[in-house]
Amino acid sequence: MSGTFDKFTERSRGFIQSAQSSAGRFNHQQLTPEHLLKTLLEDKMGLAAQIVETCGGNSTEIYQLVQKELKLLPKIDGSGAGQLYLSSKFSEVISQAEESAEKGGDSYVT
């Protein structure tokens, strides 16, 4: 990962790396927020799922919807496979996370 993620904790970077791996398994060329959400919902500690449930959502249903969305994304095979780019939406999510951390007075994105 590039210097873009220097302000992210090890755990946060781990989630991003897992999302990258997920994109690779799906043969996707772009890393999207959906890949990250899938990874967060799969976390054994279940923090993301707990947040969704606390807000009145259904984390299992959201996970299933994310899985369906990921299956709809274009797949890349052949010479273009393996090259992964950040989607503009993913970059936006990363920027928002950095801004939220700054506003909260945190040095790192957790």
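Biologist: In this predicted model, what covers the buried residues of H2?

Modeller: The buried residues in question are His35, Leu36, Lys38, Thr39 and Leu41. Their cover includes strand E1 (30-31) together with several helices, namely H3 (47-54), H4 (59-72), H5 (88-103) and H1.

Biologist: How do the axes of H1 and H2 lie to each other, roughly parallel or roughly perpendicular?

Modeller: Two packed helices are described by the angle between their axes and the distance between the axes. For helix H1 (residues 10-25) and helix H2 (residues 33-42), the axes come within 8 Å and cross at roughly 115 degrees. Because angles of 65 to 115 degrees fall in one class, H1 is counted, relative to H2, as roughly perpendicular.

Biologist: Which residues of H2 make the contact with H1?

Modeller: H1 passes H2 in a right-handed crossing. On the H1 side the contact is made by Phe15, Ile16, Ser18, Ala19, Ser22, Ala23 and Arg25, and on the H2 side by His35, Leu36, Lys38, Thr39 and Leu40.

Biologist: Of what kind is the aromatic pair, stacked or edge-to-face?

Modeller: A search of the whole structure finds one aromatic pair. The ring centres of Phe5 and Phe8 lie 5.4 Å apart. Since their planes stand at 70 degrees and planes over 60 degrees apart meet the cut-off, the pair of Phe5 and Phe8 is edge-to-face.

Definitions and conventions. Residues are numbered from 1 along each chain as its sequence is written. This is a predicted model: local features need pLDDT of at least 70, side-chain atom pairs count only at pLDDT 80 or more; totals for chains, interfaces and linings use all residues. Side-chain values use heavy atoms; hydrogens and water are left out. Axes are lines fitted to C-alpha atoms, for helices over the stretch in contact, and angles run from 0 to 180 degrees between N-to-C directions. Helices (H or I, at least four residues) and strands (E, at least two) are DSSP runs, numbered from the N terminus. Angles under 35 degrees count as roughly parallel, over 145 as roughly antiparallel, 65 to 115 as roughly perpendicular and the rest as oblique. A crossing is left-handed if the near helix is turned anticlockwise from the far one by less than a right angle, and right-handed if clockwise. Contact means heavy atoms within 4.5 Å. Rings of Phe, Tyr and Trp (its six-membered ring) pair if their centres lie within 6.5 Å; planes under 30 degrees apart count as stacked, over 60 as edge-to-face and the rest as tilted. Buried means under 20% relative accessible area, exposed over 50%, partly exposed in between (1.4 Å probe, protein chains only).
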